[in-house]
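Colleague: Could you take one part of this predicted model and go through it closely? Please give cut-offs as you go.

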Amino acid sequence: MGKKIVVIPGDGIGREITDAARKVLEKISRKYALGLTFEEKAAGGTAYDAYGTPLPDETIEAAKNADGVLFGAVGGDQWNDLPPEKRPERAILGLRKSLGLYANLRPVKVPAMLAGYSPLKPAIITGADILIVRELIGGIYFGDRCESEIKNGAERAWDLENYSVPEVTRIARFAMKAAGLRKGHVTSVDKANVLATSRLWRRTVTDVAKEYPDIRLSHLYVDNCAMQLACAPKQFDVIVTSNLFGDILSDEAAVLGGSIGMMPSASIGENTSLYEPIHGSAPDIAGKGIANPCATILSAAMLLRYSLNEEKAARAIEQAVDAALQEGWRTPDLYQEDSGLKKANTQTMTDAILAQIG
Ligand code: IPM
Ligand code: MG
């Protein structure tokens with residue numbers, strides 16, 4: 001039985017990096033007889049230009065019927081002045097909502113080989129291994145908002161943060177289970193000293209933890225967590241947090257691994273799940289063929305693991321990326337002169353990874 005992968009390149013470097021990951025998936029599919037088939041769909045600013053909407057219904061339908069969705073990136077300066085509902089970002093937010101992708105997993109590992117690239121000292125980060133579990137379809141991202149109103153003679157705008165107990169329970173359970181397969185430690189991050197939503201969050205996560213007696217639960221305020229990530233990241237195993245805090249902390253955590261160009265993610269839904277690099281569309285280097293394809297290729301590995309249950313094939317991709325780095329291949333985001341490294345572009349990096357798959 002074939003498995004259908006919907007590929008959504010999006011904008012900017014999205015085309016280059018999803019092409020690279022697709023080549024890797026095609027090769028893995030042949031090697032492990034996975035029978036993968038691919039269908040490409042439009043989203044983002046390029047979809048707006050072609051169809052007048054950043055998220056055509058056809059894309060949503062195809063994604064819903066897929067066995068897994070591989071997403072590139074959306075956004076670019078030329079679309080910044082569009083009204084909010086036409087902006088490219090609506091594509092990814094709309095996909096998350098319509099597919100019910102409630103759990104966003106952002107693993108951050110620091111291989112010794114890349115520790116030197118981080119702005120943080122190697123001694124602080126080497127060996128750090130964190131899984132950020134971000135709630136993805138609630139909170140302030142999806143609450144009521146007002147773009148502009150006049151109150152007491154002044155123009156203002158507002159966004160509403162709200163969380164329900166079932167929403168927090170669902171993501172907390174997900175984090176507890178994930179920790180059970182790792183080191184058994186969950187850090188829940190909130191701002192319970194100030195926000196009502198955070199107090200409900202903390203109370204609910206504490207209740208859920210009672211169902212998982214083997215898991216150790218800690219709580220941190222988000223400001224403290226931001227500091228701890230930079231000064232003592234090895235204390236973390238699984239971090240569970242809200243949509244907005246997770247957005248911010250996961251970019252910060254990505255720095256530990258040297259380049260955001262290495263960081264994959266999985267957005268897990270009840271049925272279909274979606275996989276995307278966390279780095280965005282990088283318009284400044286789009287079309288130059290120099291984007292680092294590793295984050296997208298590693299996202300494809302997560303697709304095999306979580307959507308298709310093909311652990312062996314997923315590992316084969318991860319090992320191939322490691323081996324290509326070990327051979328010295330580096331895209332410009334990670335390349336250093338006079339270091340005996342081999343300068344790669346998107347194509348040569350992908351070829352080096354494909355060669356490792358054999
Ligand atoms: C991310 C991105 C998105 C988000 C943007 C593109 C809407 O920053 O996936 O982290 O804020 O969730
Ligand atoms: Mg982000």
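Modeller: In strand β11 (residues 266-268), S267 is the bridge partner of N104. Strands are DSSP runs of E of at least two residues, helices are runs of H or I of at least four, and each kind is numbered from the N terminus.

N104 also stands opposite R134 in strand β5. Strand β5 (residues 129-135) pairs with β4 in the antiparallel sense over 7 bridges. Buried means under 20% relative accessible area, exposed means over 50%, and partly exposed covers what lies in between, with a 1.4 Å probe and protein chains only.

This is a predicted model, in which local features need pLDDT of at least 70 and side-chain atom pairs count only at pLDDT 80 or more, while totals for chains, interfaces and linings use all residues. Residues are numbered from 1 along each chain as its sequence is written, chains are lettered from A and ligands numbered from 1 in the order written, and side-chain values use heavy atoms, with hydrogens and water left out.

A polar side-chain atom of R134 lies 2.8 Å from an oxygen atom of ligand 1. Y141 places a polar side-chain atom 2.5 Å from an oxygen atom of ligand 1, and for R96 the distance from an N or O atom of the side chain to a ligand oxygen is 2.7 Å. A polar contact is a pair of N or O atoms within 3.5 Å; within protein, one must be able to donate a hydrogen and the other to accept it, and residues adjacent in sequence count only if both atoms are side-chain atoms. The protein covers 75% of the 320 Å² of accessible area that ligand 1 has on its own. Such areas come from the Shrake-Rupley method with a 1.4 Å probe, and for residues only the protein chains shown count as cover. The residues around ligand 1 are E89, R96, R106, R134, Y141 and D247, where a residue is near a molecule if one of its heavy atoms lies within 4 Å of it.

Back to the sheet. β4, β5 and β11 belong to an open sheet of 10 strands with mixed pairing, in the order β2-β1-β3-β12-β11-β4-β5-β10-β8-β9. β2 and β9 (216-221) stand at the edges with a single partner strand each, so one side of each is left without a neighbour in the sheet.

Strand β12 (residues 274-275) and β3 run parallel and are joined by 2 bridges; L274 in β12 is the bridge partner of V69. Strand β3 (residues 68-73) pairs in the parallel sense with β1 over 5 bridges, and I8 stands opposite F71 in β3. On β2 (residues 36-40), β1 has a parallel partner joined by 5 bridges, with K3 opposite L36. The chain crosses from β1 through helix α1 (residues 14-31) to β2 in a right-handed β-α-β crossover; right-handed means that, with the strands pointing away from the viewer, the path from the first strand over the helix to the second runs clockwise. Of the 8 residues of β1 (residues 3-10), 6 are buried, so β1 is largely enclosed by the rest of the structure.

On the β10 side, D237 sits in the loop between α9 (222-231) and β10 (238-241). D237 has 2% relative accessibility and counts as buried. Its side chain makes a polar contact of 2.8 Å with the side chain of R182, and the side chain of D237 also reaches the backbone nitrogen of H185 at 3.2 Å. By contrast, E155 in strand β7 (residues 154-159) counts as exposed at 58% relative accessibility.

As for the whole chain, its secondary structure comes to 13 helices and 14 strands. Its radius of gyration, taken over C-alpha atoms, is 20 Å, close to the 21 Å that the globule rule gives for 358 residues, so the chain is as compact as a globular protein of that length. The rule is 2.2 Å times the number of residues to the power 0.38. Buried residues make up 53% of the 358.

Notes:
Pairing = 2+ DSSP bridges.
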